[in-house]
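Work through the exercises below with the sequence and the model open.

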Amino acid sequence: MNKFFLNKNVFNGMNRLCRIRNIQLQNSFINIRTFATNKDPSKSYATTILCVRKNGQVIIIGDGQVTRGSEIIKTNAKKIRVLKDGAITGFAGSVADALTLLEKLEAKLEEYPGQLLRACVELAKLWRSEKYLRHLEASLIVADKNISLEVNGGGEVMESIDGLLSIGSGGGYALACARGLMTVDNLSAEEIGYRSMKVAADMCIYTSHNFILEKIDYSADNSDLPTTNSSTQSETTGTTIEAETNKVDTTNQNDSTDNTTTTTTTTLVSE
């Protein structure tokens, strides 16, 4: 009888230990799975994207460098895009992942036209809830004439409070420089963007001096959609090519009738 109770106690003790060990293994598996699927939202990607809003203008500017490890693959990649409804965006991270997210964002803009904030919130919800989308490694800055937003994989949709947003490994340098230049009255958003990106390119090894910029000028726009102007500046060549459309009115003093001519001029500005 004593042997029976002894064997029963040993069996109960071993069973209890096995259950505790099984719980520990399950908790370890949950921690490993959580670490593998949840990305760090503070992760910085090897590029610099900056958004500046000032005096009726909003610009998104970024560099074109693509790196693979310690190698520079190319310096003229286009990381700034124009979306529907006059919105512009810039992305940092994996190109394939970013393009997938941009497709989802455009679909949300079609579903909610003219509501950029709601479209970005719906994108963030989809990004976090979809099993396949939650593994995408990218961050986005999106802006229109009303609002500037940052969307990342942590489910965060952040609005700028001072007209400035930045992402990427050199984003902190560009943001600090732009924040200091915002107090200079005679500087436009475009000039602040170029100067800030130059500082970031001088300090961040993953940022080149080839900049691509998209601009929305809504200061004197009475239409529903703002006009989007794009320009590309390369500091190696030191030139900026801009396209402008000017209306030239010519009056014939000898005749009583007035003739109006509309011409399109391309201006080459050398710095």
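Buried means under 20% relative accessible area, exposed means over 50%, and partly exposed lies in between (1.4 Å probe, protein chains only). The model is predicted: local features need pLDDT of at least 70, side-chain atom pairs count only at pLDDT 80 or more, and totals for chains, interfaces and linings use all residues. Residues are numbered from 1 along each chain as its sequence is written, and side-chain values use heavy atoms, with hydrogens and water left out.

**Exercise 1. Describe the protein as a whole.**

Step 1. Count the elements. Helices (H or I, at least four residues) and strands (E, at least two) are DSSP runs, numbered from the N terminus. The protein has 5 helices and 14 strands.

Step 2. Take the burial. Of its 271 residues, 38% count as buried.

Step 3. Take the surface. Accessible areas come from the Shrake-Rupley method with a 1.4 Å probe; for residues, only the protein chains shown count as cover. The accessible surface comes to about 16100 Å², and 52% of it belongs to carbon and sulfur atoms.

Step 4. Take the contacts, where contact means heavy atoms within 4.5 Å. Among contacts between residues at least 6 apart in sequence, 60% join residues at least 24 apart.

**Exercise 2. Is Tyr173 buried, partly exposed or exposed, and what does it contact?**

Step 1. Apply the cut-offs. The relative accessible area of Tyr173 is 36%, so this residue is partly exposed.

Step 2. List the partners. Leaving aside neighbours within four places in sequence, Tyr173 is in contact with Ala200, Met203 and Cys204.

Step 3. Thr48 is 125 residues from Tyr173 along the chain, and their C-alpha atoms are separated by 9.1 Å.

**Exercise 3. Describe how H4 and H5 cross.**

Step 1. Find the geometry. Axes are lines fitted to C-alpha atoms, for helices over the stretch in contact, and angles run from 0 to 180 degrees between N-to-C directions. The axes of H4 (residues 171-181) and H5 (residues 189-203) come within 8 Å and cross at roughly 145 degrees.

Step 2. Name the residues that meet. H4 contributes Tyr173, Ala174, Cys177, Ala178 and Leu181, while H5 contributes Ile192, Arg195, Ser196, Val199, Ala200 and Met203.

Step 3. Sort them. Ala, Val, Leu, Ile, Met, Phe, Trp, Tyr, Cys and Pro count as nonpolar, Asp, Glu, Lys and Arg as charged, and the others, Gly among them, as polar. The residues of the contact of H4 with H5 divide into 9 nonpolar, 1 polar and 1 charged.

**Exercise 4. Why is strand E10 described as largely enclosed?**

Step 1. Count the buried residues. In E10 (residues 164-168), 5 of the 5 residues are buried, so the strand is largely enclosed by the rest of the structure.

Step 2. Look at the side chains. In a regular strand the side chains alternate between the two faces of the sheet. Leu164, Ser166 and Gly168 point one way from E10, Leu165 and Ile167 point the other way, and all are buried.

Step 3. Find a pairing partner. Two strands pair if DSSP finds at least two bridges between them. E1 (residues 48-54) is joined to E10 by 5 bridges and runs antiparallel to it. Thr48 stands opposite Gly168 in this pair.

**Exercise 5. Trace the open sheet from E5 to E9.**

Step 1. Write the order. The 5 strands follow E5-E6-E7-E8-E9, with antiparallel pairing. E5 (80-82) and E9 (157-159) are the edge strands, each pairing on one side only.

Step 2. Follow the pairs. E5 and E6 are antiparallel over 3 bridges, with Ile80 bridged to Gly90. The hairpin of these two strands has 5 residues between them, and Asp85 there takes a positive phi near 60 degrees. E6 and E7 pair over 6 bridges, and Ile88 stands opposite Ala143. E8 (residues 148-152) and E9 share 3 bridges, with Val151 opposite Val157.

Step 3. In E6, 5 of the 6 residues are buried. H2 (residues 95-111) lies across E5, E6 and E7, at about 40 degrees to E7. H3 (residues 116-129) packs on the sheet, touching E7, E8 and E9, and its direction makes about 5 degrees with that of E8.
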